[in-house]
Amino acid sequence: MTHDPIYQREIQFQSSYPGRFPEVSPEDWNSHTWQLKNSLKTLPQLEKHLTLSEEERAGLLLTGTKLATAVTPHFFNLVHATDPADPIRRQIIPRIEESLTDPTEMSDPCGEDSHMPVPGLVHRYPDRVLFLVTDRCASYCRYCTRSRVVSGVSDQKLETQWEAAFEYLERTPTVRDVLLSGGDPLLLSDNRLDKILTRLRKIPHIQFVRIGSRIPVFLPQRITPELCEMLEKHHPLFISIHTNHPRELTTEVRDGLARLSKAGIQLGNQSVLLRGVNDSLPVHAALLHKLLMCRVKPYYLYQCDLIQGSSHLRTSVQTGIDLIEKLRGHTTGYALPQYVLDAPGGGGKIPINPNYVVSRTPEEVVLRNYEGKKFVYPEVNESLVAK
């Protein structure tokens, strides 16, 4: 696995600068406001740099009806200019397949809208809530679970009722864990985010806060020392980044993650298993190992949700099981994420693992290891256990 030439290529860290933007000064390039202001959003902007396929061009012409197109210059430099099958390109360039749906796909595959006690706050698990604080992202993933409300072009809008959400949290003592998501919370200003975190920290029964963000990957320039200093005030604080392919982990991303880590923030990664992106063993192994090198624990590997128009990006569940099985025993357990499927309609995350239990009786469990060898573990004889 680690001797594979694809692995050896993808495990390397490279800068995205200057790439297609040699005229841009380092000062501008390292400014997150410049990056956002110069995001590529239109067909002419993309065609200037990419040779688009017919499927991509048609997808871009329809992009204003479902999910907007936007990609930061930093991330755009990672896109192959001529190959529509490029794993970075598949994630952020629309295709005509997004307009195709099948009866199994849903606009709200995780059933979030039906679990909102107040608009913008999802309470699906007993002890934790999902707080949707914005509908905008630095770049838009074409498989976005919340494409029904993200980017501002669909019919449904995110209408978070801030005060009602805080009041719900204050009167619901079973909630101990708040996940800020959206959209991307790190697009908010330092001051705005500080106010949200401060308000949450005043609620006694909330033990810790998490932030779900792809900003460290799409826009590493946003991870400033000032942002890290502000976040450090609100410990224990966790950030789950979203990275799907090892090429996304540039030197800029690595350095931004190091700043967050030095500020004491626990970092985890959530990937989505995507066809033609990270469904091969050498690519996935490189992703997991680069994450550890960036001080990020691989946390979840998601089976792609049944979002409308995503069939061209979804893999079989067996593909994910096979990946985990091929990794188990061949790399450290720190590198292995939990493969999960978010049950359609709001059933929550269900772990999916290879089956290592061969058989069970009241007397013993027969197991197999990563090599396929069988081992017997004797069960406790309850009659011999002192009462």
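Which residue in S12 is the bridge partner of Val365? In S12, Val365 has Tyr377 as its bridge partner.

**About the model**

This is a predicted model, in which local features need pLDDT of at least 70 and side-chain atom pairs count only at pLDDT 80 or more, whereas totals for chains, interfaces and linings use all residues. Residues are numbered from 1 along each chain as its sequence is written, and side-chain values use heavy atoms, with hydrogens and water left out.

**The three-stranded sheet**

Helices (H or I, at least four residues) and strands (E, at least two) are DSSP runs, numbered from the N terminus. Two strands pair if DSSP finds at least two bridges between them. In the order S10-S11-S12, three strands form an open sheet with antiparallel pairing. Its edge strands, each pairing on one side only, are S10 (357-360) and S12 (374-378). Neighbouring strands of this sheet are turned by 20 degrees against each other on average, direction ignored. Five bridges join S11 (residues 364-368) to S12 in the antiparallel sense.

**The nine-stranded sheet**

Another open sheet has nine strands in the order S1-S2-S3-S4-S5-S6-S7-S8-S9, and its pairing is mixed. Here the edge strands are S1 (121-125) and S9 (348-351), each of which pairs on one side only. Within the sheet, S3 (residues 177-181) and S4 (residues 208-213) run parallel and are joined by four bridges, and Leu179 stands opposite Arg210 in S4.

**Two packed helices**

Helix H8 (residues 162-170) packs with helix H9 (residues 190-201) at an angle of about 30 degrees, and their axes are 11 Å apart. Axes are lines fitted to C-alpha atoms, for helices over the stretch in contact, and angles run from 0 to 180 degrees between N-to-C directions. H8 and H9 are therefore roughly parallel to each other, a term used for angles under 35 degrees.

Where the helices meet (contact means heavy atoms within 4.5 Å), Trp162, Glu163, Phe166, Leu169 and Glu170 in H8 face Arg192, Ile196, Arg199 and Leu200 in H9. By class, this contact has five nonpolar, no polar and four charged residues; Ala, Val, Leu, Ile, Met, Phe, Trp, Tyr, Cys and Pro count as nonpolar, Asp, Glu, Lys and Arg as charged, and the others, Gly among them, as polar.

**A pocket**

A pocket is an open set of points on a 1 Å grid where a 1.4 Å probe fits, with protein on both sides within 12 Å along at least five of seven lines, and lining residues have an atom within 4 Å of a point. The second largest pocket holds about 310 Å³ of space, a volume being the space filled by probe spheres set on the points. Among the 22 residues that line this pocket, Thr65, Lys66, Leu67, Glu98 and Gln308 are the closest to its centre. The lining divides into six nonpolar, 10 polar and six charged residues.

Definitions and conventions
Parallel < 35°, antiparallel > 145°, perpendicular 65-115°, else oblique.
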